[in-house]
Amino acid sequence: MSNINDVSVVIDIQRPTPIIGMGKPLIIGSSANGQDYKVYSDLEAVKEDHATNTEVYKAAFALFNQGDHSPESIAVMLYKTGDVITDFLPTIFNKDWYYAVSTSSTLANITAIADAVDADDSRLFFASTSSLEDLGKIHAKNYKRTVAMYHEDTSNYPEAAWIGRAGSAPAGSLTWKFKTLNGIKPLELSKTELEQIHAMNANTYVTKAGDNVTSEGKTVSGEYIDIIQSQDYLVQSINLAVQKLFNRSDKVSYDNNGIAQIESEVKIVLNRADLNGMIAHDDDNLPLYSTDFKSRSQVDPADREKREYNGGTFTFELAGAIHKTKIKGLIKL
């Protein structure tokens with residue numbers, strides 16, 4: 001056959017995009033020998049290190065049991081039984097994870113992890129408890145980065161199932177309310193009981209209109225989980241984008257051209273955030289964000305001498321989500 005041809009056909013294989021979201025879930029626990037940070041891609045891999053009756057496996061099962069929403073991988077890190085958890089916790093923050101769950105739901109354990117996560121101010125901790133008294137004490141701490149879930153049966157790790165269901169979605173693309181969790185039984189609560197739980201900025205799992213769903217999507221401070229995620233996404237993404245600009249450039253000049261390069265990287269991140277559904281749109285369906293970067297002549301000469309540019313700002317309006325609605329009707333005779 002002749003090799004002379006005007007037609008060339010190239011076939012590539014499109015592989016599924018890994019489900020990553022904001023980052024890996026980390027299971028924190030204890031064992032006789034402890035365990036350094038280790039990543040697992042499925043339950044079979046977890047089973048090689050942790051028997052099916054262990055708390056680590058149960059938490060991993062809840063994470064991986066959420067169908068197509070389940071994370072691509074999870075991590076486990078254990079401290080030695082008898083060691084002090086507050087001595088162990090500083091070691092977890094140089095590892096790759098965003099969501100933490102614990103194999104212990106004691107109040108002391110929850111508050112120790114919550115204190116550390118709030119101090120770090122870059123990750124989220126999900127805890128569950130069957131004690132309304134403990135829930136009140138957790139609420140009194142006003143944690144910004146801890147999510148409390150009330151359930152009468154915490155043995156199936158409802159908080160881990162919740163991360164498995166919603167944690168892999170792009171930041172800003174969903175609300176954590178109204179999510180169905182595989183393997184978790186809904187509670188039968190009165191309106192008064194549900195309001196009591198919500199008054200403590202806690203979340204639970206109930207049936208609404210025949211569907212089993214998470215009742216809210218807030219952290220202990222009362223902030224919505226997706227808003228915390230949006231903040232973290234922008235901080236991480238802009239930090240990475242601008243650092244990459246510096247790394248790959250021979251020089252980012254301290255003039256309007258160099259400043260425009262930095263602003264361009266910020267705009268790219270904001271546009272990506274808009275595509276994720278994070279940013280609200282105006283009446284003309286245009287995204288509500290803007291950037292304002294001072295020109296070289298507007299910058300303090302002292303900053304130019306130090307090679308520091310501190311004149312960039314951006315603003316945007318969060319799209320948020322509708323959690324409740326009231327609709328009025330009129331019947332005409």
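**Figure 1. Lys306 and Asp303 pair up in helix H10.** The side chains of Lys306 and Asp303 form a salt bridge with an N to O distance of 3.9 Å (the term covers a side-chain nitrogen of Lys or Arg within 4 Å of a carboxyl oxygen of Asp or Glu). This is a predicted model, where local features need pLDDT of at least 70 and side-chain atom pairs count only at pLDDT 80 or more, while totals for chains, interfaces and linings use all residues. Residues are numbered from 1 along each chain as its sequence is written, and side-chain values use heavy atoms, with hydrogens and water left out. Both partners sit in H10 (residues 301-306), three residues apart, or about one turn of the helix. Helices (H or I, at least four residues) and strands (E, at least two) are DSSP runs, numbered from the N terminus. Lys306 is exposed because its relative accessibility is 51%, and Asp303 is buried because its relative accessible area is 15%. The cut-offs here are under 20% relative accessible area for buried, over 50% for exposed, and partly exposed in between, with a 1.4 Å probe and protein chains only.

Figure 2. Lys137 is partly exposed because its relative accessibility is 41%; Glu133 is exposed because its relative accessible area is 55%.

**Figure 3. Helix H2 and what packs around it.** Seven of the ten residues of H2 (residues 55-64) are buried, so the rest of the structure largely encloses this helix. The buried residues are Val56, Tyr57, Ala59, Ala60, Ala62, Leu63 and Phe64. What do the buried residues of H2 pack against? Their partners are strand E1 (25-31), strand E2 (35-40), helix H1 (43-49), strand E3 (74-80) and H6.

**Figure 4. Glu216 and Glu265, two buried glutamates.** Glu216 belongs to the loop between strand E8 (211-214) and helix H8 (225-248). Its relative accessible area is 9%, which means it is buried. Setting aside neighbours within four places in sequence, Glu216 is in contact (heavy atoms within 4.5 Å) with Trp162, Trp176, Lys177, His198, Asn203, Tyr224 and His323. Glu265, by comparison, is placed in helix H9 (residues 256-275). With a relative accessible area of 13%, Glu265 is buried. Not counting residues up to four places away in sequence, Glu265 touches Ala241, Val242, Leu245 and Arg248.

**Figure 5. Charges in groups: a negative surface patch and a salt-bridge network.** Glu152, Asp153, Glu188 and Glu193 make up the patch. Patch members have over 30% relative accessible area and no salt bridge; like charges are joined within 9 Å, and nonpolar side chains (Val, Leu, Ile, Met, Phe, Trp, Tyr) within 5 Å. Lys and Arg count as positive and Asp and Glu as negative, with His and the chain ends not counted. Each charge is placed at NZ of Lys, CZ of Arg, CG of Asp or CD of Glu. Where does Glu152 lie? Glu152 is in the loop between strand E6 (146-150) and helix H6 (158-166), and it is exposed, with a relative accessible area of 55%. The network links Asp121, Lys144, Arg145 and Asp232 through salt bridges; the structure holds 13 salt bridges.

**Figure 6. Ile327, with the whole protein for context.** Ile327 is in the segment after strand E10 (312-316). It is exposed because its relative accessibility is 75%. Ile327 and Ala260 are 67 residues apart along the chain, and their C-alpha atoms are separated by 47 Å. Zooming out, the protein has ten helices and ten strands, and its C-alpha trace spans about 70 × 65 × 60 Å along the principal axes. Buried residues make up 44% of the 333 residues. The protein exposes about 18800 Å², with carbon and sulfur atoms supplying 48% of that area (Shrake-Rupley method, 1.4 Å probe; for residues, only the protein chains shown count as cover). There are 33 positive and 44 negative side chains, and the centres of the two sets lie 3 Å apart.
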